Amino acid sequence: MATVPMPANPKVELMLMDSAISAIVIAIQMITKHCKKLKWKRRIVLVTDGRGEIDADPDGVAEISKKIKEDEMELVVVGVDFDDLDYGFKEEDKDYDKATNETTLKALVEDCDGIFGTMQQAIEELGTPRLKITRPVHSFKGQLTLGNPGTYDSALCIDIERYPRVMIRKPLTASQFVQRTDLSNGHHSTQSSNTVMPDADDPGSSAAQADPNGLTSVKNARTYQVTDEDAPGGKRDVSRDDLAKGYEFGRTAVHISESDLNVVKLETQAGLEIIGFVNWSNYDRYMSMSVSCVIIAQKTNSKAIMALSSLIHALFELESYAIARLVTKTNKEPVMVLLAPSIEVDYECLLDVQLPFTEDVRSYRFPPLDKVITVSGKEIKEHRNLPDDALSKAMSDYVDRMDLSTFGKGDEGEEAEYMPMADTYSPILHRIDQAVRWRAVHANEPVPPAYEILTRYSKPPEELVAKAQRQLEKLVAAADVKKVPPKTQSRKRTRNAITPLSGLDVTALLGSNPKKVKITPENPIPEFKQALDIADGVDGIRDAAQQLAAIIKTQIKDSFGDIAYPRAVEELGVLREELMDLEEPGIYNDLIKQLKKKLLAEELGGDRREMWWEVRKNRLGLIEKKSSEVSTVDEEEAKAFLLSK
Amino acid sequence: MADENKWKPPGEEEEEEEELDETAYKSAKDAVLFVIEVSESMLTAPPPVDAKKQERDTPTSAALKCAYALMQQRIISNPNDMMGVLLYGTEQSKFQEEEQARGTLAYPHCYLLTDLDIPAAEDVKALRSLVEDEEESKKLLVPSKDRVSMANVLFCANQIFTTKAPNFNSRRLFIVTDHDDPHEKDKALKSSAAVRAKDLYDLGVIIELFPISRPNHEFDRSKFYDDIIYNARPMDPEAPAPISGTTAPTSTSDGISLLHSLLSSINSKAVARRALFSSVPFEIGPGFKISVKGYIIFKRQEPKRSCYVWLEGEKPQIAAGVTTQMADDTARTVEKVEIKKAYKFGGEQITFTPEEVSVLRHFGDPGIRIIGFKPQSMLPVWANLKQSTFIYPSEDDYVGSTRVFSALQQKLLKDKKIAVAWFVARKNASPVVAAIIPGAEKLDENGAQITPPGMWLCPLPFADDIRQNPETTLIRAPDTLIDSMRVVVQQLQLPKAVYDPHKYPNPALQWHYRILQAMALEEDLPEKPEDKTIPKYKQIDKRAGSYIIDWGHELHRRYEEWRKENESSAVLGKRPTPGGKDEIAVRGAKKTKTGEGDGTPEIDDAQMKKAFEKQSVGKMTIPQLRTWLQSKGMPVSGKKAQLVERVEGHFEQK
């Protein structure tokens with residue numbers, strides 16, 4: 001689209017406003033000059049209050065209209081307080097000149113098929129996101145077959161084309177940048193979030209000129225490593241050139257030469273083959289796995305259109321779907337699709353969505369929701385996990401009250417579906433879009449709040465809520481749901497409640513109940529937990545923690561390369577979690593500080609920076625106030641602690 | 001690590017990374033150790049029930065077959081998860097390789113067949129030879145004369161988990177046994193087993209018992225195993241409530257073979273149940289909340305991507321890729337904290353601080369909020385973006401959630417309604433509008449659950465995601481033609497008129513791993529893939545062939561009528577396009593037809609073959625070549641030379 005900037009100087013604008021018609025003429029000239037005969041969308045937007053004198057020479061106006069039509073321009077006139085009956089606005093006591101001007105402009109717009117509207121509507125529409133229209137591009141062209149035309153004379157084939165019906169539109173994506181090194185000191189460090197103009201005295205490398213923000217893009221460099229017991233750290237870099245392609249089969253590397261790479265691919269032929277038919281009522285809607293597509297007969301092929309139409313109608317009349325195997329391109333992997341008939345007044349097509357294969361279904365089992373089965377196999381119909389009649393009734397009434405199917409308003413004000421998909425806009429997409437546009441123009445201003453439409457459907461409509469208030473109150477009463485207060489259970493209490501299914505007291509089995517447990521390196525985690533169970537006071541806790549910490553240190557020290565790191569990480573994790581639960585963050589913080597010191601001083605078997613990296617990555621640093629109220633460590637300290645200094 | 005993000009929906013990398021929670025130090029991987037008892041009774045096949053054809057597996061061999069099947073399955077479905085097999089009660093004893101077993105105790109009559117690890121080709125081979133080679137199994141599967149201490153077995157498992165699967169989120173011990181009271185006479189041994197079981201619990205290991213009932217002896221869990229097995233999953237607040245009567249005792253008396261029934265109960269535990277999100281508030285009405293958990297039940301399983309293999313060493317090794325980020329200007333390595341996000345607008349980079357970005361993305365806290373209800377008929381087939389998420393109530397945050405959820409699910413099922421909800425899956429995740437579809441529990445013939453009862457969150461497209469229909473002309477089929485098609489459809493219903501995913505394994509995925517397995521084990525490559533997704537052509541011909549031919553004739557007649565009526569006026573509508581051939585509906589009718597309208601004489605197979613033999617394929621026109629290629633399901637893109645090459649290639653292969 002050609003956007004020809006209008007002069008920003010208000011004086012010039014005023015001058016132009018003296019004659020809206022001249023303004024249009026100038027705009028036409030500007031566009032013609034800029035776009036020449038090239039393919040552009042040409043649009044002129046005239047904003048006027050209609051109070052200026054309009055030189056309404058009929059010939060001139062006709063001439064303008066002709067030119068606009070010839071060059072396929074679009075004329076949009078937005079008038080302040082213009083009458084617009086469609087929109088429902090009328091200015092009372094309009095003065096005569098303005099009325100004349102409005103009529104003239106309206107005639108012009110109508111003559112060249114433009115858009116004429118009032119300012120109020122234009123402002124309102126700013127809050128309605130624009131939908132992008134995408135030209136349909138086929139995702140498959142080929143044949144729909146039933147039977148095998150290669151072997152049987154009885155096979156059916158229809159030439160078809162397949163197009164996306166639904167496609168997720170993603171928001172703008174951000175790219176990664178870092179501050180250019182040569183600019184990153186000095187006053188630039190204070191700039192936070194806006195477009196920064198190039199430094200005046202920057203000599204200006206070519207890159208800096210290309211990017212005025214003092215940013216440079218981030219690149220990914222990939223290196224490859226293999227395990228090598230002789231190399232320091234147990235790993236060795238290998239050059240990409242020494243590597244061959246292959247696949248993993250479990251932990252075995254299967255090498256496949258470049259020429260053989262296709263052997264693992266299933267050979268297929270493109271096509272859409274019907275396997276059989278199923279009933280609508282037997283299809284579970286939640287099995288649909290993908291975006292949907294539209295299938296129509298080959299556009300120029302009348303006979304195919306008629307043939308497909310018979311299938312669509314037959315499916316519809318029998319309330320059936322077809323199940324088919326789709327290969328969109330030779331040697332592409334097949335997918336199973338559901339083919340559903342769709343018949344509108346002036347449009348017929350099949351719709352398809354992908355279905356799961358055996359491997360795509362996880363068999364997780366969950367207890368039934370309409371009955372409770374006890375361990376002994378008895379079925380119970382009354383249980384605290386099952387709704388009683390009062391709750392079922394209250395739920396039923398509430399659901400019926402909150403019905404949206406007729407709550408909306410149609411174009412004529414008739415009852416219609418509330419919140420149809422066509423009225424819902426992707427919040428994130430338009431929010432990012434809005435913010436980027438705003439920031440581009442208002443570098444230093446905060447971004448305005450999101451358009452109302454983006455959050456309109458985040459809550460039930462108030463009017464409906466008011467209507468269902470009584471039903472909701474009844475439902476809440478019948479449900480008798482109680483919120484579980486956070487963290488009421490102390491570690492002691494939860495631990496004591498743990499028994500095997502039989503309820504056996506295992507701790508009692510430990511016998512003579514020693515006050516102190518010795519933690520062994522073989523079984524550190526269970527023994528640590530059990531030591532805490534019987535620990536008497538802080539000393540016992542500290543002792544157990546120190547024992548575990550000592551084991552961790554030895555493990556790191558004896559570790560060949562990074563082999564023991566995962567164990568150490570797990571033990572540190574348990575240590576941290578348990579001490580947090582016992583509200584003894586100080587003990588952990590002391591121990592982790594010691595560990596860090598030893599790691600970085602290379603006292604635990606040489607260079608152990610990798611281990612510190614594991615601590616960072618797994619968030620095993622200091623326990624801060626946010627996580628444990630009794631901690632004396634603030635966020636900043638915790639953050640600084642993680643650095644390898 | 002890539003594994004940690006396994007359960008996250010695609011396209012939301014950035015946000016996810018920043019919100020690993022406190023338990024993030026556990027990697028979300030699963031380790032399963034099979035522990036199979038070897039004893040006289042475990043090595044005795046159950047007596048045949050009625051039919052002779054029934055497989056006669058001994059309990060031990062059935063268990064090993066299950067382990068073998070599970071290993072192969074997990075290589076495909078969970079390539080990063082570990083598995084091991086430990087036999088106990090054997091005459092022989094074997095533990096980990098000496099170097100790893102430093103300082104560990106001996107475990108008499110425990111035989112570690114496969115150490116806990118991501119399975120390698122050799123592991124698959126070893127397990128298979130034990131399953132298939134009788135000689136091999138006779139050598140190893142000899143029951144010991146001494147009683148094995150269960151405490152010792154459990155501690156052996158403890159050591160395997162501690163050393164081989166540290167930091168695993170899910171560690172599970174599958175015990176297969178028919179012995180419900182291993183220490184009936186020795187109380188001390190029984191107690192020490194209970195103590196060792198507590199250790200496993202504290203280590204976060206879950207014990208799953210697969211009990212086998214002997215003829216005339218029902219397995220009684222209360223004798224021993226109820227002291228060993230704990231209810232909830234330790235250290236994992238996400239653990240769902242156990243299903244009452246967890247594993248039905250596997251009996252052989254009900255006619256199902258032992259192997260089959262064991263396989264089915266093990267299959268139901270094959271994948272560690274992991275929640276996608278846990279205890280998310282589910283707001284049914286303003287201010288009225290319960291809590292639910294979300295699970296991924298449907299997920300497209302793809303073959304693992306190709307990797308790089310280093311061949312210079314003793315044996316091929318997978319090279320691990322490490323990515324470092326560096327600044328483009330100086331090639332210095334950059335830290336994550338330095339990185340800024342910028343959007344391209346025009347030619348400029350528009351930057352926001354991370355705080356600003358997260359404010360922009362924030363549309364409220366995580367949760368599912370019902371906006372209202374609609375009849376299911378208002379949810380069209382096309383309104384789908386991806387797989388639905390299964391939700392099930394949780395009592396974690398709100399006591400009483402289950403009964404409220406149940407009331408809602410039953411109401412929606414009964415009235416065929418859906419809820420429409422506003423759904424934010426995680427902190428700062430993009431909000432979506434979702435339909436909440438009720439799902440009823442489904443059981444198979446044996447009463448085992450196939451589909452769990454609950455509700456499904458199905459994300460709906462926004463106006464932005466909905467595409468326009470492609471333009472086309474409408475020619476409605478005459479009623480007689482629809483009638484003849486209806487007969488065809490009626491003839492070809494799938495069994496029970498339902499789509500059952502369990503009948504259609506993914507042929508491309510299966511083929512991929514079959515080939516890899518053959519290559520890894522250095523066996524001959526299989527020749528023909530088994531593909532259950534290929535339609536049963538013969539049946540189609542037999543059941544519907546004559547009806548399809550009738551339909552074809554009817555189409556021909558009706559179309560000719562239509563054409564005569566519309567031809568004169570339809571000059572506009574009918575544009576000859578390159579490659580556009582007239583439709584051939586039934587192959588039988590094809591021979592009598594020449595392409596009309598676009599002036600391209602059609603080439604049949606015989607003609608093309610002749611042309612190929614005379615080397616004159618190149619003389620055909622592009623539309624002719626394309627038409628012919630298309631009828632063979634081959635690509636029709638590219639220049640003429642490529643098309644010719646493709647045609648020639650087709651005949652050369654024959």
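A:Ala477 is found in helix H12 (residues 469–479) of chain A, helices (H or I, at least four residues) and strands (E, at least two) being DSSP runs numbered from the N terminus. A:Ala477 counts as exposed because 11 C-beta neighbours lie inside 10 Å; a residue is buried if 20 or more other C-beta atoms lie within 10 Å of its own, exposed if 12 or fewer, and partly exposed in between, with C-beta atoms placed from the backbone. A:Ala477 and A:Asp352 are separated by 125 residues in sequence and, C-alpha to C-alpha, by 44 Å in space.

This is a predicted model, in which local features need pLDDT of at least 70 and side-chain atom pairs count only at pLDDT 80 or more, whereas totals for chains, interfaces and linings use all residues. Residues are numbered from 1 along each chain as its sequence is written, and chains are lettered from A and ligands numbered from 1 in the order in which they are written.

Chain A comprises 20 helices and 20 strands. Of its 645 residues, 36% are buried. Among contacts in chain A with a separation of 6 or more, 62% involve residues 24 or more positions apart; two residues are in contact if their C-beta atoms, placed from the backbone, lie within 7 Å.

In chain A, 3 strands form an open sheet in the order S1-S2-S3, with parallel pairing; two strands pair if DSSP finds at least two bridges between them. Strand S1 (42–48) and strand S3 (115–118) of chain A each have a single partner strand and stand at the edges, so one side of each is left without a neighbour in the sheet. Neighbouring strands of this sheet are turned by 15 degrees against each other on average, direction ignored. A:Gly79 stands opposite A:Thr118 in S3(A). Helix H2 (residues 20–35) of chain A lies across S1 and S2 of chain A and runs at about 155 degrees to S1(A); axes are lines fitted to C-alpha atoms, for helices over the stretch in contact, and angles run from 0 to 180 degrees between N-to-C directions.

| Strand | Partner | Sense | Bridges |
|---|---|---|---|
| S2 (residues 73–79) of chain A | S3(A) | parallel | 4 bridges |
| S7 (residues 215–227) of chain A | S10 (residues 320–327) of chain B | antiparallel | 8 bridges |
| S13 (residues 367–375) of chain B | S16(B) | antiparallel | 8 bridges |
| S16(B) | S17 (residues 432–439) of chain B | antiparallel | 5 bridges |

Between the chains, A:Arg222 stands opposite B:Thr323 in S10(B). In total, 218 residues of chain A are in contact with 215 residues of chain B. The side of chain A that touches chain B has 116 nonpolar, 59 polar and 43 charged residues; Ala, Val, Leu, Ile, Met, Phe, Trp, Tyr, Cys and Pro count as nonpolar, Asp, Glu, Lys and Arg as charged, and the others, Gly among them, as polar.

In chain B, strand S16 (residues 417–424) is mostly covered, with 8 of its 8 residues buried. B:Ala421 is the bridge partner of B:Ile370, and B:Ala434 in S17(B) is the bridge partner of B:Ala421.

The largest nonpolar core has 140 residues, and A:Tyr321, B:Ala421 and B:Ala434 have the most contacts inside it; a nonpolar core is a set of buried Ala, Val, Leu, Ile, Met, Phe, Trp, Tyr and Cys residues joined through C-beta atoms within 7 Å. Helix H7 (residues 302–317) of chain A contributes the largest share of this core, 9 residues. A second, separate core of 124 residues includes A:Val254, A:Ala568, B:Tyr201 and B:Leu262.
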